[in-house]
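Please examine the sequence and the structure shown below before reading on. The briefing that follows treats cores, sheet, helices and salt bridges in turn.

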Amino acid sequence: MFNQIKLYSFTIGLFIMKKTLRLVLGDQLNIKHSWYSEKKENITYVLMELRSETDYVQHHIQKVVSFFVGMRSFAKELEELGHQVIYLELDDSKNEQSFTKNLKRTVSNNKFDQLEYQQPDEYRLDQELTSLHKELSVEVNAVSSEHFYTERLEMKELFDKRKSKGWLMESFYREMRKKHELLIDSNEKPLGGKWNYDQSNRKKLPKNHKPTAPKLFQRDVSDIMKMLEEQNVKTIGSIDSKNFLWPVTRNEGEEMLEFFVEECLPLFGDFQDAMSVGEWSLYHSRLSFLMNSKILSPKEVVDRVIQHWENNQDTIDISQVEGFVRQIIGWREYMRGIYWAKMPEYENENQLNHTNSLPEFYWNGKTKMNCMRQSIQQSLDYSYAHHIQRLMVTGNFALLAGVEPQQVDDWYLGIYVDAIQWVELPNTRGMSQWADGGLVATKPYVSSANYIDKMSDYCGSCYYSKKDKVGEKACPFNSLYWNFIDRHLDKWESNHRMGMMVANWKKQDPEQKVKLLERAQYILENMNSI
Ligand code: FAD
Ligand code: SF4
């Protein structure tokens, strides 16, 4: 009798439970999401490999493989946990290569009553999924992706409340430290006495210092490579398909995090800005893909790092930890805040009216400039460059050379394994190309050879001379730097942070100025042979 009642109520339960399809995007591989805390008969998860995603820019082959292997492993993990999963591979004959078309078909063929999705992080996908509310005949609901520290518009609301004209990252960062009680004492004062140890995060790598070798994974991805080739997906960069090096599963992500705290954290802050010939990741975490695909959450990364430091305070200085925490609860959340506050206008910003083409060597690394060659070649080889290489080498050069921001964006969005528009765009247009007129960066991140030489050993083995400003062997950064100051002088004259540069340019000998501008002009006209 009791069993009969149970069966009866189970059947009624199934009857009233809506048959639900849940969409999981390629960058939502978060196994800790509350969706997965219980198995339900009426719920099916769907993941799709799509041409709309492989083709919106030309991506690095390692980036495409990371996402696809990550998605396939995630789907398998869900099935192993007992969930029902539909997985559409790129070459599946049913695959119509768009979220909307595939979802319409799946919902109607399988008679789903409702569709649920986690809020996407990219504006273009948000638009597409929002339109499903009208396009599908069933109920459509969006839920939080449960990943970030902040809501989409939280940062905007914070600055709007303060009526701040500028949106200083540092103010936001301090709010985040207090709100989430990170590296804070009971009086809301920063542990160690300082909010920011940026000044001690700027050391050059000492001569003969051999950094920790990067942790590399080994996975045979030949099957996915074969499929991508057969489907004629156009990619950039190279890959060792028998030894694919990026971590793409939860277990590998946890291993990578442990490697970081043990091997890299003790010197992370010190050499955060350093660059060295042949050293492609130094003490950087290379956790960006894992976090951007949501395999790891920023909170667990930050908590683990702080916990490790708390247990090892005798060997790890607070400056190393603060430098790392700032990147995640500060810069990463700040960039997301800028993106959601300023899209869609932000993706067309070009306040310096730059229109030049991206030089060919960005795609093949063929240039005599050693810093550019090193940074671009390692990006082609590993789909990775660290922040200062992106900002002060490749980004710096593109800005000095007046490259159209759209072309710069496409390059950054394609080449890096961690590149997703919500984080790539504010970093590229805003921080690196100053295309937003100074919202993210109060002054442009530009430099002559001086800075690159200060932070690296690139100049020592370069064809060009770091000291020369004019002449055939003069470092291109030197004349391009002054040309950039001169080209936009009106803008810099009203920017107090650029006052010294403007005064310096104005007082230079007029003949020397002409020579500098001529040298810059020569470089701009002969971009493909420098
Ligand atoms: P680490 O140096 O170990 O730093 C730890 C973490 O901090 C990173 O994993 C990342 O999540 C976060 N972080 C650090 N700096 C930033 C930043 N400026 N913005 C957001 N998060 C940050 N980062 C991306 O994740 N995707 C991008 O597409 C991207 N494009 C960039 C384009 C340009 C022009 C520039 C200048 C920077 C870009 N960044 C981007 C930021 C930064 O360079 C990368 O996050 C970092 O290099 C990733 O390597 P890592 O994990 O070893 O970082
Ligand atoms: Fe780069 Fe100039 Fe130094 Fe050569 S000399 S590595 S081009 S900064």
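**Briefing: cores, sheet and salt bridges**

Of the 150 residues in the largest nonpolar core, L228, M372 and F397 touch the most other members. A nonpolar core is a set of buried Ala, Val, Leu, Ile, Met, Phe, Trp, Tyr and Cys residues joined through side-chain atoms within 4.5 Å. Here, buried means under 20% relative accessible area, exposed means over 50%, and partly exposed lies in between (1.4 Å probe, protein chains only). The model is predicted, so that local features need pLDDT of at least 70 and side-chain atom pairs count only at pLDDT 80 or more, while totals for chains, interfaces and linings use all residues. Residues are numbered from 1 along each chain as its sequence is written, chains are lettered from A and ligands numbered from 1 in the order in which they are written, and side-chain values use heavy atoms, with hydrogens and water left out.

**Nonpolar cores**

- Helices (H or I, at least four residues) and strands (E, at least two) are DSSP runs, numbered from the N terminus.
- Not counting residues up to four places away in sequence, L228 touches I61, V64, V65, F68, L90 and V233. Contact means heavy atoms within 4.5 Å.
- A second, separate core has 19 residues, among them L50, V107, Y117 and L125.

**The five-stranded sheet**

- Five strands form an open sheet in the order β3-β2-β1-β4-β5, with parallel pairing. Two strands pair if DSSP finds at least two bridges between them.
- At the edges of this sheet are β3 (84-88) and β5 (139-143), each of which pairs on one side only.
- Neighbouring strands of the sheet are turned by 25° against each other on average, direction ignored. For such values, axes are lines fitted to C-alpha atoms, for helices over the stretch in contact, and angles run from 0 to 180 degrees between N-to-C directions.
- Helix α3 (residues 61-80) packs on the sheet and touches β2 and β3, its direction making about 155° with that of β3.
- Helix α4 (residues 99-109) also packs on the sheet, where it touches β1, β2, β3 and β4 (114-118). The direction of α4 makes about 160° with that of β1.

**Strand β2 and its neighbours**

- Strands β1 (residues 20-23) and β2 (residues 43-48) run parallel and are joined by four bridges. The bridge partner of L21 in β2 is T44, and L23 stands opposite V46.
- On the other pairing, five bridges join β2 to β3, and these strands run parallel. V46 stands opposite I86 in β3.
- Six of the six residues of β2 are buried, so this strand is largely enclosed by the rest of the structure. From β2, I43, Y45 and L47 point one way, whereas T44, V46 and M48 point the other way.

**Packing of helices α4 and α5**

- Two packed helices are described by the angle between their axes and the distance between the axes.
- The axes of α4 and α5 come within 10 Å and cross at roughly 35°.
- The contact is made by F99, T100, L103 and K104 of α4 and by L125, E128, L132 and E135 of α5.

**Salt bridges**

- The count comes to 35 salt bridges. A salt bridge is a side-chain nitrogen of Lys or Arg within 4 Å of a carboxyl oxygen of Asp or Glu.
- R22 and E116 meet through their side chains in a salt bridge (2.8 Å, N to O). Because R22 lies in strand β1 and E116 in strand β4, the pair ties together parts that are 94 residues apart in sequence. R22 counts as buried at 11% relative accessibility, and E116 counts as buried at 12%.
- K104 forms a salt bridge with E135, with the closest N and O atoms 2.8 Å apart. K104 lies in helix α4 and E135 in helix α5 (residues 123-135), so the pair ties together parts that are 31 residues apart in sequence. K104 is partly exposed at 36% relative accessibility, as is E135 at 40%.
- The side chains of K242 and D220 meet in a salt bridge (3.7 Å, N to O). K242 is exposed, with a relative accessible area of 52%, whereas D220 counts as partly exposed at 45% relative accessibility.
- D198, R202, E322 and R326 are joined into one network by salt bridges that share partners.
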